[in-house]
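Please read the following briefing alongside the sequence and the model.

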Amino acid sequence: MQQDRATLVGRESQVHRVAETLRRTGSAHTLLVTGRAGIGKTAVVEQARRSALQEGARVLTPVWEDGPAGVAALADTVCGLLASIHDGRLPLRITAVRRAQWGNGGRAAGELALLSTLSETLADAAHHVPFALLVDDADLIPAPTAAALQLMLRVFRPAGLPVVLAGRPAAPGYDGYDGPAAVDEVLDLPPLRPEEVTDLVARRLGRPAEPALVAAVSRALGPLAGNPAAVLSVLGVLDESGGLLELDGWVGLAEPDGCLRLTTGTAELGRLGWPGTPSDTDLIADAAVLAGVTQSAELRLDDLPGPGPLGTLDRTVDRLVGDGVLTIDPDGRLSFAVPALAAALRRPAADDHVRAMHASVTRAGTDRLGPDTAGAAHPHLAGHLEAAGALLDDEPAVRLLLAAARKDSGADQARAARSYRAALRRLPPEDPRTPGVLREAAALSLRYADHAGVLEREEPLLACLRLPDHTDRESLEFATGVWVLASLHEHRSPHADADAAADAADAADNADSGFGEVLRRMPQGAALAALGGLYGIGPIVPRPAAAERHLSDDRVIGSGPLPSAAELRLLTTAVGGRAELERAWRKLPPGTVSEAAVGRLRNAAAYGDLAGALEAVLEDRYIGAGHSAAIRYRAMVRDYLGGHWDGALAQARGIERRGRAEGIPGVGQLARALAADIHLFRGDIGRAREWLGLVPDTVTHPLVARVRMGARYWSGQRDEALEQGWRDVERARRSGLLMGMDSLLLRILMFAAESAPVSAWRALEGLEELHEEAATGMTHEALLLARGILYRDVGSAHIAYDLVKRRGDALRTLYCCQCLAEISDDPQRWLAESAQRAHRLTLGRPVRAVIGRSAQRRNMPLPRWRSTEAGLSEQDVRLIGMVSDGATNRQIAARLACSEKTVEKRLASLFRRTGHRSRVELAAAWLDGTLARPGLVPEAPPAETGEIPWRPDPVPGRR
């Protein structure tokens, strides 16, 4: 990682004020720079010192020697300062000081007389050789010496000597240095503002930081969120532990928020966590126990144990509350003010004490009230019980956990889900209560769209399903359906898990175990799981016979987000032909799903948008909340279609990071493909390949196929791209995936229009056949646009433009504009709109070339949309690209064959013209597309391969 230390973040005015004081040699002025630990005092005064030195000022810094403290130590330090001033008067000054210190036969003189002499000698030195005095870490000076310095500055002020002091505010009861009492001005450094924290994080990482990363760091630091040292401490730990993930040039978090912690060194923890007084090892050990306890459960003052091995914790709590490390809310709940401090304090050595305290808190409640009443009256005890583990017996534990879960189900869903999970871990599968508890927990998670919570309970569900028979099959069927729905929402294929489990079982020569049982014994779950492959989640597998029977059973009704058998048929047939879809639609009760909803269902199916498809069918019954991969992918599709491509890329990065940071099994393959598609159209083949490289070859959805074809085509493999495209068309047809194939065929047609016209006309025939079979709005648009391209049919292209624009598809609207620019009677209008839309999407050379070629063919002036404010040249673009890649000025100078000074001047010019203040801001603006990119329409069509052709050569026998 890199860090730009040339300037401090958010401290420009403070540095200027300190430097101004240091430059005011010849005038007596004392300035105190203060603030809590880690706020940046030393960095500010050091930057100011360098600035003052560059402008010719002389700044002296005292060195405090080890030994006796007090006025004598101050005298020795002043003599050391005087020795650095070479004006011929050193012997006189040293003699005056020593005479005052040891006059009258070696007896110590009065302290006031010595302080007066010290002030006079400093003033004399400043008169002959003007200088300023800088005293950093004034709070660390021994108390007697600090008191003497304060008295000298307050009573015997050295004439003509500016003094800058830096130090933390004095702790209560400290009888040494009291800065504000001895100075003329106090400069209190405030915490960094949120935007300054963002800038600091980006400088530390050397790349733009995802807003989610900055927000997570700020949450973990609480009141220290604006403390530079604390922010850098957390980032340093993340860097060392591999907790950061870079995607698309942006750095994000690759581990859960709860893992963010400060550096674990005792000195660092004491400095940042105990700002008032130094901490001791015993206090930190007790704090580590409290940190472990509060991590797993809610801790209240009433929960603290009485006399015993842990009985000293109440005194520790008093101390930590007094130091501001712990906070107490009105209900008596204890929590660490800085979560990152608590995370740093936790250590395995304290685990036994932590479990013992959890058990003690739980027993205190159950012994007094009994497990059922204790759980209902104090549901927070469930967290303590779960963390106590084997120290508590199962039966009373289950009773308390279930009582707490039922009490919390309406008020604290997250805690209720944890209580259910803990109870199921203790309940054996043969217990008659287990299926009912599974159903209760599933219903709770379903109500709050807690899909990740459902997946955490799969072990007890599978344990029940392994039993040969169970009396409460209805509860297990419901819990299984919820589990499958949750798996799909997290883009995790139940079928893939079943195949993996079966392979492992066959290899071990054992009976099939794991998810295969879920799909085999529970037909509703099997039918629901079959949706996965159709919507790009895992492989496409045949439905088992039980699932087919379920889909034909119209008696099965839906429950909340769980679709009925008829609704499942509709969702299943949405990816295929119109006839089968209409048969499934007619079997639904009249008015259940409108024709408009069916259209939305088909559009969602084209992009593998399972959440959008479920919402179209279930409408108000669908809970489109939560943070699952499916919900995020739905937002990504909306941003992609709406032309908000930077937002779409941010969603893709969020899906990718969530799978890695939170350990949620499952990935968004279609999200990766859409991200690659955006980079392809922006001309960034490298990043497109990075995203596509994450998609397994086994994923065959038409959306993935069209992106793979685009990557090959724009890499110069034109023939191979078209051949692969046709193979993917055939494979999609065999799989029954007709939705999304219109975009694949349309892309084949556009790529083949100039270089392979026979293939282009074949694509048109494919679109005609597809529309006849599927008859959706999207296939109609694609067919009209294809006719406009090949037949030069202005009417068809106009209709396609209106339909696509009404639906809201930014990229296909651009296709229509480019087509009309070629064939309409008003090319200037369509060229201008093409340029404008390409600019909004920040598209790259492949599309820019198309617009340039169209303008040349129509003999029209080239549309311009270069930012006049930025006025970026190709050299500017190259320079910004290297800055975005993290290159230093020296590396840039080597690549551009110029001097570092030239690079600095060009960067300064870029900052002035673009309005950005730093390399990080410039790189972030370039990466997120807010910085206007240059020359999006070239003067002449480039000679390189990879353009999107539009004007086909006529084929004999064609209209």
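A salt bridge is taken here as a side-chain nitrogen of Lys or Arg within 4 Å of a carboxyl oxygen of Asp or Glu, and the structure holds 60 of them. This is a predicted model, in which local features need pLDDT of at least 70 and side-chain atom pairs count only at pLDDT 80 or more, while totals for chains, interfaces and linings use all residues. Residues are numbered from 1 along each chain as its sequence is written, and side-chain values use heavy atoms, with hydrogens and water left out.

**Salt bridges**

- Glu656 forms a salt bridge with Arg672, with the closest N and O atoms 2.6 Å apart; Glu656 lies in helix α33 (residues 645-661) and Arg672 in helix α34 (residues 669-681), so the pair ties together parts that are 16 residues apart in sequence.
- Helices are DSSP runs (H or I, at least four residues) numbered from the N terminus.
- Both Glu656 and Arg672 are buried, where buried means under 20% relative accessible area, exposed over 50% and partly exposed in between (1.4 Å probe, protein chains only).
- Asp329 and Arg333 meet through their side chains in a salt bridge (2.8 Å, N to O), and Asp329 is partly exposed at 25% relative accessibility, as is Arg333 at 27%.

**Surface patch**

- Leu301, Val321 and Ile328 make a nonpolar surface patch of about 200 Å²; patches are made of residues with over 30% relative accessible area and no salt bridge, with like charges joined within 9 Å and nonpolar side chains (Val, Leu, Ile, Met, Phe, Trp, Tyr) within 5 Å.
- Val321 lies in helix α12 (residues 313-322) and is partly exposed, with a relative accessible area of 31%.

Terms used. Accessible areas come from the Shrake-Rupley method with a 1.4 Å probe; for residues, only the protein chains shown count as cover. Helices (H or I, at least four residues) and strands (E, at least two) are DSSP runs, numbered from the N terminus.
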